[in-house]
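Work through the exercises below, then check your steps against the solutions.

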Amino acid sequence: MTEQPDANPAQPGSAGDDRLGPRPLDRPAVDPAQTAVFGRPHGVDGAFDQLYTPAANGRRDLSLAPPAPESLAEAFRRPPGAEGVLLERPREATGDANAAEAPLWTDGADPWRDPAAGAVLAGPAVPAEDEPKPGQRPAGALLSLPEVLFGRRVQTKALVLLGVVALLVGAVGGLVGWWVADTGSELTGSATISETDAAKERPPGSVADIAKRVSPAVVSLEVFKPGADSGEQGSGVVIDPQGYVLTNEHVVNAAVSDPSTKVTAIFNDGTRTEAKVVGSDQKSDLAVVKVNVTNPVVLQIGRSAGLQVGDAVIAVGSPLALQNTVTSGIVSALNRPITAGGDNGAPPVTYEAIQTDAAINHGNSGGALVDSTGALVGINSSIRSSSSDGGSIGIGFAIPSDYALKIAKVLIKDGKVNHADIGINASSTVAGSATMGAQVKNVAPNGPAAAAGIKEGDVITKIGDRPVRDSAELTVAVRNHDIGEVVPVQLARDGALLVVDVTLGSD
């Protein structure tokens, strides 16, 4: 190979002829994007580190952090006078106060106190052979009872709490033992009974609500003759604020026939007062007495004509001298003509009644029969019974309030009542007769029936618009009309039906 002459011959002052001079500096082009990322910021000519201050001698000294707070310095620095003390286990932990344990670092270095100590990897804090097994208590000195009680190694509150728990456990154990000893060998003992409060659902319109409102207006009536050992007892209903009481005629009959007989009214609060008979009517079995009381509770009067079979009713009275007795039932029948009474020579009473299955007994007579609103719809009057003692069998009768109030107004005004009369005596036709009705037995001379041409033997089958099937229905049908009223009467005579107009007279 042929050597080429040196393109750059040595210059004077160069290192020598055997060395090449520096070549021209070749600076590659720099991408502007990279310059923007990695280049110095604008206005910075020197180094980036601004956290140091050049020392006077040209060295770089780090700016140290401010001194630690006094509280932290006191907590973590060595205690005064303990510059030579190394980290070590407490001597009392070994059980020997005089035995000194070798320090953790025997080379004199204290990594906890030497800030220049390097971080190194080391073995476990507890050697494997000394690591406690599961369930094994770690080695160390145990506290004795004197140390616990008198060495102030346990707080006083903990000791007090432990004592209270011990006392409670002992007390519970004693009670259980006493209970077992007391009941284990005997049949007697305490019973666990499930109890509940009494039902308190008494909405408006309930039997309890109606009884509470009605009872103060129903009184018990005692009828006694001076010197007699016994007397009559019944019930009555206050119908007027002036003290007028509506009852049955057979309740006060003894006082009507004998003025010396006394009638006493007893209210549900126990108040007793004398009652005076205002008037009575034996044919309707109604009477009115008056009591001298101030501001009595008055029962609201309802319309018996609005009742229907099946309606709920409540009977209030004093059956068998049991005052303030309440029974409930329904309307079993309406417009039931019945004949009752006739005892002790008195004529029988015929009236049109409300039949009910509410329990009615002796002493209920004259009491109230009210509807589901608490309004008076009837005056309890009689019962049907299959036994000699006359107990209730669920068939009771009450005089409708519409008719009873009509009679009461007349009795309060006049003291007596006159009824419409047709002027005949009649009996019910026998079973199997060709025509059912009331057969005329005799006709009063110059009476209403005689003036209309009714004869003996005729069978009356209708009064006005009301059918007549027996003599009781004839009586109540006539009394439902007024005196002097002209009423068409249908009758059967010799197999023919006739209709005659009768002008009703007075009884």
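Helices (H or I, at least four residues) and strands (E, at least two) are DSSP runs, numbered from the N terminus. This is a predicted model, where local features need pLDDT of at least 70, side-chain atom pairs count only at pLDDT 80 or more, and totals for chains, interfaces and linings use all residues. Residues are numbered from 1 along each chain as its sequence is written, and side-chain values use heavy atoms, leaving out hydrogens and water.

**Exercise 1.** Find the largest cavity and say which strand gives the most to its lining.

*Solution.* Start with the search: two cavities of 30 Å³ or more turn up in the whole structure. A cavity here is a set of points on a 1 Å grid over the protein atoms alone where a 1.4 Å probe fits but cannot get out, and lining residues have an atom within 4 Å of a point. Volume is the space filled by probe spheres set on the points, which are joined across faces, edges and corners. The largest cavity comes to about 60 Å³. Next, the lining: it includes Val 218, Phe 267, Asn 268 and Gln 323. Strands E3 (218-224) and E9 (312-317) are the elements giving two or more residues, and E3 gives the most, with three.

**Exercise 2.** Sort the lining of the second largest cavity into nonpolar, polar and charged residues.

*Solution.* This cavity holds about 30 Å³ of space. Among its lining residues are Ile 239, Leu 246, Ile 301 and Ser 401. Count Ala, Val, Leu, Ile, Met, Phe, Trp, Tyr, Cys and Pro as nonpolar, Asp, Glu, Lys and Arg as charged, and the others, Gly among them, as polar. That gives seven nonpolar, one polar and no charged.

Key:
1 Å grid on protein atoms, 1.4 Å probe; cavity = no way out; pocket = protein on both sides within 12 Å on 5 of 7 lines; lining within 4 Å.
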